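Subject: Structure for you to look at

Hello,

Here is the structure I said I would pass on. Please open it first, then read the notes below with it in view.

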Amino acid sequence: MKWNFAKEKMSLSVYCNDIFNTSSPKLTVDYKGQNFIMDNSFYSRLVYAIFIYKFGGFKDKTAKKIDTSRFGH
């Protein structure tokens, strides 16, 4: 999600990943009286926020034309 403020000079972005913790596989095997449970739990939940402020004064420069007379074509 992204919000822009102050005439597009400030922006706040919030991202999240795997908020329900579903990317960790869990394997359960019950075979001939042998019970095997494998839980590969690792912390995969991620939430982060990005705040951007654009300072004034930036002016986009126009590119100069390239002198191609020296290329010999």
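A residue is called buried under 20% relative accessible area, exposed over 50%, and partly exposed in between. Tyr53 has a relative accessibility of 38%, so Tyr53 counts as partly exposed. Please keep in mind that this is a predicted model.

Tyr53 also has an aromatic partner. The search of the whole structure gave 2 aromatic pairs. In one of them, Tyr53 and Phe55 are arranged edge-to-face, with 5.0 Å from centre to centre and 80° between the planes. Phe55 has 68% relative accessibility and therefore counts as exposed.

Next, Phe42. This residue sits in the loop that links strand E4 (34-39) and strand E5 (46-53). Its relative accessibility is 46%, so Phe42 is partly exposed. Which residues does Phe42 touch, leaving aside those up to four places away in sequence? They are Asn21, Ser23 and Ser24.

Last, the surface. A nonpolar patch there is formed by Met1, Trp3, Phe5, Val14, Ile19, Phe20 and Val47. Together these residues have about 750 Å² of accessible area. Phe20, one of the patch residues, is in the loop between strand E2 (10-17) and strand E3 (26-31). Is Phe20 buried or exposed? Its relative accessible area is 67%, so Phe20 is exposed.

Regards

Key. Residues numbered from 1 in each chain as written. Predicted model: local features only at pLDDT ≥ 70, side-chain atom pairs only at ≥ 80, totals over all residues. Heavy atoms only, no water. Helix = DSSP H or I, 4+ residues; strand = E, 2+ residues; numbered from the N terminus. Buried < 20%, exposed > 50% of the residue type's maximum accessible area, 1.4 Å probe, protein only. Contact = heavy atoms within 4.5 Å. Patch = residues over 30% accessible without salt bridge, like charges linked within 9 Å, V, L, I, M, F, W, Y side chains within 5 Å. Areas by Shrake-Rupley, 256 points an atom, 1.4 Å probe, with all protein chains shown as cover. Salt bridge = Lys/Arg side-chain N within 4 Å of Asp/Glu carboxyl O. Phe/Tyr/Trp six-rings, centres within 6.5 Å; stacked < 30°, edge-to-face > 60°.
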